[in-house]
Amino acid sequence: MTHPLIARLETDLGWPRLATIAEIEAFTHAPGLHCLFVPGDPVRNLETADAAVILPELRQAFQDAFDCAIVDDAIEARLREATRALKTPGFVFYREGRLLGDIQKIRDWDDYLTRIAHILSLTEA
């Protein structure tokens, strides 16, 4: 069963849940900036619920500069290994198929702002 705060991302915000590698590739290769939310197990990791609340706020703080999707449990381990973003919850950022960086575990708000600004600045290079 999906945690209610993660389900809210799908139902209220319309974020897609990506359940195959092909879906991840299609989402991350689309034009623009993208963030994959890698939730982890919300039963074992209490930070997962926090991340589900934080990411929409971060997206708003960056004036919707990136779109977001949820990585399904079925492929989460494969994505984490491929990106080396092994700790959850995590946010993995892409621009048109290019991996830009990730943020693992819960951070202070200012740390998120600094890290995301840096990751997004990589798109200009």
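Let me start with a term: a residue is buried under 20% relative accessible area, exposed over 50%, and partly exposed in between, using a 1.4 Å probe and protein chains only. By that scale Glu96 is partly exposed, with a relative accessible area of 40%.

A word on the source, everyone. This is a predicted model, where local features need pLDDT of at least 70, side-chain atom pairs count only at pLDDT 80 or more, and totals for chains, interfaces and linings use all residues. Residues are numbered from 1 along each chain as its sequence is written, and side-chain values use heavy atoms, leaving out hydrogens and water.

Back to Glu96: it is found in the loop between S4 and strand S5 (98–104); helices (H or I, at least four residues) and strands (E, at least two) are DSSP runs, numbered from the N terminus. Glu96 is not a glycine, yet its phi is positive, about 45 degrees. Asp64, in the loop between H3 and strand S3 (66–71), also has a positive phi, near 55 degrees.

Now, is Thr88 buried or exposed? Thr88 is buried, at a relative accessible area of 13%. Thr88 sits in the loop between helix H4 (73–83) and strand S4 (90–95). Leaving aside residues up to four places away in sequence, Thr88 touches Val38, Pro39, Gly40, Asn45, Glu47, Glu76, Arg80 and Lys105, where contact means heavy atoms within 4.5 Å. And here's one to look at on your screens: the peptide bond from Thr88 to Pro89 is cis, with omega near -5 degrees. Pro89 lies in that H4 to S4 loop too.
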